[in-house]
Amino acid sequence: MKIIANNKKAHFNYFVEDTIEAGISLLGPEVKSLRASSCSLDESFIYISKDLEVFVKNMFIKKFDYATNVAFDEKRDRKLLLHKSQICKLLSKVKEKGYTLVPLKVYFNGSHVKIEIGLCKGKHTFDKKDTLKERDIQRDTQRAIKNY
């Protein structure tokens with residue numbers, strides 16, 4: 001499994017309660033661009049349409065330099081491939097107050113491009129401060145162990 005892109009801010013801004021693996025519908029030059037690791041998940045989010053279709057919005061995939069015959073928008077909406085039962089389960093959770101769907105990482109599983117979706121609940125500012133405090137304490141203890 002080769003990881004293409006991680007959403008580093010997702011674990012800082014949200015409590016990730018559940019994860020689901022989904023396929024993603026892409027064009028040929030987009031896959032070639034992903035093989036060169038030209039992808040960003042910053043500011044991207046996932047929404048469910050009224051037709052029970054799941055899309056990822058604002059996912060940036062750089063244009064492939066050598067693809068001349070196909071032009072695509074770098075931040076277009078890309079359809080995610082999930083079963084209806086998974087979509088209904090996600091929809092019922094998202095309707096609850098405070099839950100959202102966030103892409104966590106994009107990776108190759110064999111020759112297929114997969115995206116990991118996180119069912120998340122937003123953190124408050126005091127939760128984020130606690131996370132930073134815990135990270136600093138762990139860093140200090142690791143330094144103390146290393147120097148001891």
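**The strand pairing and its surroundings**

Modeller: Strand β8 (residues 99-109) and strand β9 run antiparallel to each other and are paired over ten bridges. Pairing is used here in the sense that DSSP finds at least two bridges between two strands. Strands are DSSP runs of E with at least two residues, helices are runs of H or I with at least four residues, and both are numbered from the N terminus.

The model is a predicted one, in which local features need pLDDT of at least 70, side-chain atom pairs count only at pLDDT 80 or more, and totals for chains, interfaces and linings use all residues. Residues are numbered from 1 along each chain as its sequence is written, and side-chain values use heavy atoms, with hydrogens and water left out.

Between β8 and β9 there is a hairpin with two residues in the connection, and G110 in this turn adopts a positive phi of about 75°. One of the bridges places Y99 against K121 in β9. The other partner of β9 (residues 112-122) to be described is β2, which pairs with β9 in the antiparallel sense through nine bridges. There, E21 has E116 of β9 as its bridge partner.

Contact here means heavy atoms within 4.5 Å. With neighbours within four places in sequence left aside, E30 is in contact with R78 and also with I61, F72 and R76. E30 counts as buried because its relative accessibility is 0%. The classes are buried at under 20% relative accessible area, exposed at over 50% and partly exposed in between, with a 1.4 Å probe and protein chains only. P29, in helix α2 as well, counts as buried at 10% relative accessibility. The C-alpha atoms of P29 and D65 are 8.9 Å apart in space, although the two residues are 36 positions apart in sequence.

F72, one of the contacts of E30, is also touched by K63, which has E74 as a further contact when residues up to four places away in sequence are not counted. K63 belongs to the loop between β6 (60-61) and β7 (78-81). Its relative accessibility is 43%, so K63 counts as partly exposed. From K63 to V113 the C-alpha distance is 17 Å, across 50 residues of sequence.

The aromatic residues form a further topic. A pair of aromatic rings is described by the distance of the centres and the angle of the planes. Rings of Phe, Tyr and Trp (its six-membered ring) pair if their centres lie within 6.5 Å; planes under 30 degrees apart count as stacked, over 60 as edge-to-face and the rest as tilted. The structure holds two aromatic pairs. F45 and Y47 make a tilted pair, with 6.5 Å between the centres and 45° between the planes. The ring centres of Y47 and F55 are 5.7 Å apart and the planes meet at 25°, so this pair is stacked. Together F45, Y47 and F55 make one aromatic cluster. F45 counts as partly exposed at 35% relative accessibility, as does Y47 at 28%, whereas F55 counts as buried at 16%.

To set these parts in the whole: the protein has four helices and nine strands, in the order β-α-β-α-β-β-β-β-β-α-β-β-α from the N terminus. The C-alpha trace spans about 60 × 40 × 25 Å along its principal axes, and 33% of the 148 residues count as buried. Of the contacts with a separation of 6 or more, 67% are between residues 24 or more positions apart.
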